[in-house]
Amino acid sequence: MAQDQIPQQGDQADADPNPEPTPDPDAQVVRTPREIRIVLSGLLIAMLLAMLDNMIVGTAMPTIVGDLGGVNHLSWVVTSYILATTASTPIWGKLGDLYGRKGIFMASIVIFLVGSALSGLSQNMNELIVFRAVQGLGAGGLIVGVMSIMGALVPPRERGKYQGMFAAVMAVAMIGGPLVGGTITDHLSWHWIFYINLPLGALALIVIAITLHLPKIRSTARIDYLGAGLLTVGIVALVLVTTWGGQSYAWGSWQVAGMLVLAAVSLAGFLRVEQRVAARGEEPVLPLHVFRSRNFSLICALGFVVGFVMFGAITFLPLYQQSVQGASATNSGLLLMPMMLGMLVVSLVVGQAVTRTGRYKIYPVIGTLVMTAGMLLLSRLDAHTTRFTSGLFMVVLGAGMGFLMQITMLVAQNSVALRDIGVASSSSTFFRTIGGSFGVSLFGALFSSRVTDTMTSRLGPDGSQAIAGHAQLTPGMLSRLPTPVREAYDQAVSNGVHSIFLWGAVISVLGIAVAVFLQEVPLRATPKPSEAESQVAVEV
């Protein structure tokens, strides 16, 4: 049987037992590697915009607060962006499936640029919070759009050749973000951390408009507004639980409990609405039939674990480097380079191997094993660990991520029909983002508890008050602390990081169990559209 005739697991539930011959518009659109790379240049710029933004903004936040005031609302500058990005991700994916990925993707770039311009013009903290939400709304479409268009352009069998580019973008964002943010803030003004997005976004729009040609979907389906609304409320409530829990409010507070109840009720209502919409033959915002695919459900669960572990590590490693190893905020981004390089190199090698062999199951298994080893090694960090040693440990963790980052998206897209590839991309991104939110929140609460306990045991009942607001202490401020307090604080941070990475290793073991049950479903060798798409597609 030819490779493009192998039945795909995600298509089985939707296959017509007596299909009628239909034209295949993509059959005449042969894209050379050079053409794909040109289109990818625009996609990568758009992805860089979304990933770089938070890294740059984080570096400039002290300056922004000093200018605009409103320190009590500081966390909402980040939270509003995350809420809008996470809540809009599934909706952007479905809109692309229904009305064409190119137009929807370009619309998300425009919204992101409008939010960037307005954020730069903000005159107070409330305006900045609202405009950052507009930015986040566009960012949700950027990430999903890039992955969906990649899935439409390049068949899964060939996609590994290009996945290293996306790992490189992440490395640039993680390392370059603090450097760019610090430089702009020091030599221009904080407003330019938002204005810098405008020329990059304009370039991405031009490249996409000129070079990207995809089948245009003419759909008469109505948008599932009720389902979209319930899903949005449920996601916002979940993100607020992970943002507030253990930080702004205690886990047992009525605020956190209320958000949990709201999330449960909204998501239960959403599932009920989606079942009714599908039963009427209409288009649900998140088709539940995609979860009938065993691989799709498992890879979403694995994405949650990867997000939980990855974002937890990335969040707290710089804190350890700055507090214990004496790195500056800017240099701590450079100190993450070993992890990024490990991820980039492994991602490139794995991508080429998948393209050559068409097999992928072994890589999630190896990746989760290596990621677990990396978390165990990082749990050995203490107040005397050298930068060289911690760098080696980070290489191991980065290598584990390199096995997993692009494979999770690849398997998700290969497990569904092409008409659902936007949903597959948004679901994979969504579960990884939610996992990251839970990871940062739970690890943050654990870290704070360990720091407080260690300071109390070392300095007595009032020990924790000696470094009140420890999360905001700079290396310069730490150097001025009395020696006993500084030594106790170094030990406290080391203990907190030890607990985080030890529990991270436990979560990683769950990822191993999930990866083992993945099935080796042959990768599609062509980006052939589903029959429903073929009947309504025209080349633009």
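**Helices and their packing**

Mentor: Keeping in mind that this is a predicted model, we can start with helix 10, residues 294–323, which has 30 residues and reaches 44 Å from its first C-alpha to its last, close to the 44 Å expected at 1.5 Å a residue.

Trainee: And how many of the residues of helix 10 are buried?

Mentor: Of its 30 residues, 24 are buried, so helix 10 is largely enclosed by the rest of the structure.

Trainee: What about helix 13, what should its residues span?

Mentor: Helix 13 runs over residues 362–378, and its 17 residues should span 24 Å at 1.5 Å a residue, which agrees with the 24 Å between its end C-alpha atoms. Its buried residues include Y363, P364, V365, M371 and L378, and the buried residues of this helix pack against helix 10, helix 12 (337–357), helix 14 (387–414) and helix 17.

Trainee: Helix 17 again, then. At what angle does it pack with helix 15?

Mentor: Helix 15 (residues 421–459) and helix 17 (residues 483–516) pack at an angle of about 145°, with their axes 8 Å apart, and their crossing is right-handed. By class, the contact between these two helices has 15 nonpolar, six polar and three charged residues.

Trainee: And helix 8 with helix 15, how do their axes cross?

Mentor: The axes of helix 8 (residues 225–244) and helix 15 cross at roughly 25° and come within 8 Å; with angles under 35 degrees counting as roughly parallel, helix 8 and helix 15 are therefore roughly parallel to each other.

Trainee: Which residues meet there?

Mentor: On the helix 8 side they are I235, L238, V239, V241, T242 and T243, and these meet F430, I434, S437, F438 and S441 in helix 15. The residues of this contact divide into seven nonpolar, four polar and no charged.

Trainee: Changing topic, is E274 buried or exposed?

Mentor: E274, which is found in helix 9 (residues 254–279), has a relative accessible area of 1%, and because buried means under 20%, E274 counts as buried. Leaving aside residues up to four places away in sequence, E274 touches D224, G227, P284, V285, L286 and L288.

Trainee: Last one: how many helices and strands does the protein chain have?

Mentor: The protein chain has 18 helices and two strands, and buried residues make up 55% of its 540 residues. Among contacts between residues at least 6 apart in sequence, 85% join residues at least 24 apart.

Key. Residues numbered from 1 in each chain as written. Predicted model: local features only at pLDDT ≥ 70, side-chain atom pairs only at ≥ 80, totals over all residues. Heavy atoms only, no water. Helix = DSSP H or I, 4+ residues; strand = E, 2+ residues; numbered from the N terminus. Expected span 1.5 Å × (residues − 1). Buried < 20%, exposed > 50% of the residue type's maximum accessible area, 1.4 Å probe, protein only. Axes fitted to C-alpha atoms, helices over the stretch in contact; angles between N-to-C directions. Left-handed = near helix turned anticlockwise from the far one by under 90°. Nonpolar A, V, L, I, M, F, W, Y, C, P; charged D, E, K, R; others polar. Parallel < 35°, antiparallel > 145°, perpendicular 65-115°, else oblique. Contact = heavy atoms within 4.5 Å.
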